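Colleague: Could you walk me through this one? I'd like to learn how to read its helix packing and its pocket.

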Amino acid sequence: MDDKDRTLLSLLEENCTTPVHDLAVMLECSDDEIISRKKALEEAGIIRRYSAVINWEAVEEGLVFAIIELKVAPERERGYDQIAERIARFSNVRNLRLRTGSHDLELLVAGKTMQEIARFVSEQIAPMDRIRETATHLIMKTYKENGVLYMEREEGKRLPFSF
């Protein structure tokens, strides 16, 4: 992987719908080279998927999101991997991360209602072997997602400033 690949990855992460020709102009190379580089990055598993950032709060019957923190008893020789693989199979689990801090695993979960999320945690996650504790945090409002601002400032209106 070279600097062109890294730049291409950054550009695709910012907007994966950027036309190949535009990417080629920005990277000062041919369209064919961009196509070849993208294909190689996809085959190497570096580019996992192309997706859109959706403002679900703006959709009439949108989704409710929650962050679920889990304290987990790791397994000998497998650590957290086996329980993470099991949790990752649930379709409403959007993100799953091993992290530092007071809890071991962090999930981003989507549901149609808060009750659906509560049932998911109490009926599917909490009863699992090795889950010692859960903490559920409902997401009230999203201001920025994957680098995309959800707040729209009125043109010409200044932000407050004080010392």
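Colleague: Which residues in H2 meet which residues in H3?

Modeller: Val20, His21, Leu23, Ala24 and Leu27 in H2 meet Asp31, Ile34 and Ile35 in H3, where contact means heavy atoms within 4.5 Å. That contact divides into 6 nonpolar, 1 polar and 1 charged. Nonpolar covers Ala, Val, Leu, Ile, Met, Phe, Trp, Tyr, Cys and Pro, charged covers Asp, Glu, Lys and Arg, and the others, Gly among them, are polar. Bear in mind that this is a predicted model, with local features needing pLDDT of at least 70 and side-chain atom pairs counted only at pLDDT 80 or more, while totals for chains, interfaces and linings use all residues. Residues are numbered from 1 along each chain as its sequence is written, and side-chain values use heavy atoms, with hydrogens and water left out.

Colleague: What describes two packed helices?

Modeller: The angle between their axes and the distance between the axes. Axes are lines fitted to C-alpha atoms, for helices over the stretch in contact, and angles run from 0 to 180 degrees between N-to-C directions. Here the axes of H2 (residues 20-27) and H3 (residues 31-43) come within 8 Å and cross at roughly 100°. H2 and H3 are therefore roughly perpendicular, a label for angles of 65 to 115 degrees.

Colleague: And at what angle do H1 and H3 pack?

Modeller: About 85°, with their axes 11 Å apart. Lys4, Asp5, Leu8, Leu9 and Leu12 in H1 meet Glu33, Ile34, Arg37, Lys38 and Leu41 in H3. By class, that contact has 5 nonpolar, no polar and 5 charged residues.

Colleague: How many helices and strands does the chain have?

Modeller: There are 5 helices and 6 strands, taken as DSSP runs numbered from the N terminus (helices H or I, at least four residues; strands E, at least two). From the N terminus on, they run α-α-α-β-α-β-β-α-β-β-β.

Colleague: Now the pocket: which element gives the most to the lining of the largest one?

Modeller: H1, with 5 residues. A pocket is an open set of points on a 1 Å grid over the protein atoms alone, where a 1.4 Å probe fits, with protein on both sides within 12 Å along at least five of seven lines; lining residues have an atom within 4 Å of a point. The lining has 21 nonpolar, 9 polar and 9 charged residues.

Conventions
Angles under 35 degrees count as roughly parallel, over 145 as roughly antiparallel, 65 to 115 as roughly perpendicular and the rest as oblique.
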